[in-house]
Amino acid sequence: MSSVNALDNDREMAFDAVDRSDPTPLHEQVAAEIRRAIREGEAGPGDRIPQARDLATVLGVNSNTVLRALRLLRDEGLVEMGRGRAIRVTGSADRGAVIAKTKELIEFARRHGYRRDELIALMHRLS
């Protein structure tokens with residue numbers, strides 16, 4: 001397990017290198033490692049995390065792979081990518097998990113013929 005210093009605190013974020021024999025796409029493996037670090041308290045809301053190129057070196061992947069993972073995490077509400085390549089944790093692991101499951105539900109509903117408005121109406125009826 002390799003580690004890299006978080007930029008504005010004394011904690012370190014430890015990461016395992018990606019598993020190239022795993023069929024999971026590399027960017028999803030990278031995102032999973034960052035989610036794990038957030039869940040285990042290695043980085044929390046407001047903390048800066050290492051730049052993409054530093055993470056890429058530690059994880060043994062291309063910087064573009066890390067950037068793709070960071071965009072995924074941004075869409076989940078877990079990180080914010082600011083000016084000057086600053087990356088901050090903005091959410092909790094719980095929030096990320098809920099967003100991921102919600103996306104799964106939306107995809108599942110679409111595959112079964114549900115439109116957005118039908119899915120929303122169904123959720124209202126169930127809550």
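How many helices and strands does the secondary structure of the protein chain come to? In this predicted model, the protein chain has five helices and five strands, where helices (H or I, at least four residues) and strands (E, at least two) are DSSP runs numbered from the N terminus. Read along the sequence, these elements follow the pattern β-β-α-β-α-α-β-β-α-α. Residues are numbered from 1 along each chain as its sequence is written. Local features need pLDDT of at least 70 and side-chain atom pairs count only at pLDDT 80 or more, while totals for chains, interfaces and linings use all residues, and side-chain values use heavy atoms, with hydrogens and water left out.

Taken along the principal axes, the C-alpha atoms of the protein chain fill a box of roughly 45 × 35 × 25 Å. Of the contacts (heavy atoms within 4.5 Å) with a separation of 6 or more, 53% are accounted for by residues 24 or more positions apart. Buried residues make up 36% of the 127 residues, buried being under 20% relative accessible area, exposed over 50% and partly exposed in between (1.4 Å probe, protein chains only).

The protein chain exposes about 8000 Å², of which carbon and sulfur atoms supply 49%; accessible areas come from the Shrake-Rupley method with a 1.4 Å probe, and for residues only the protein chains shown count as cover.
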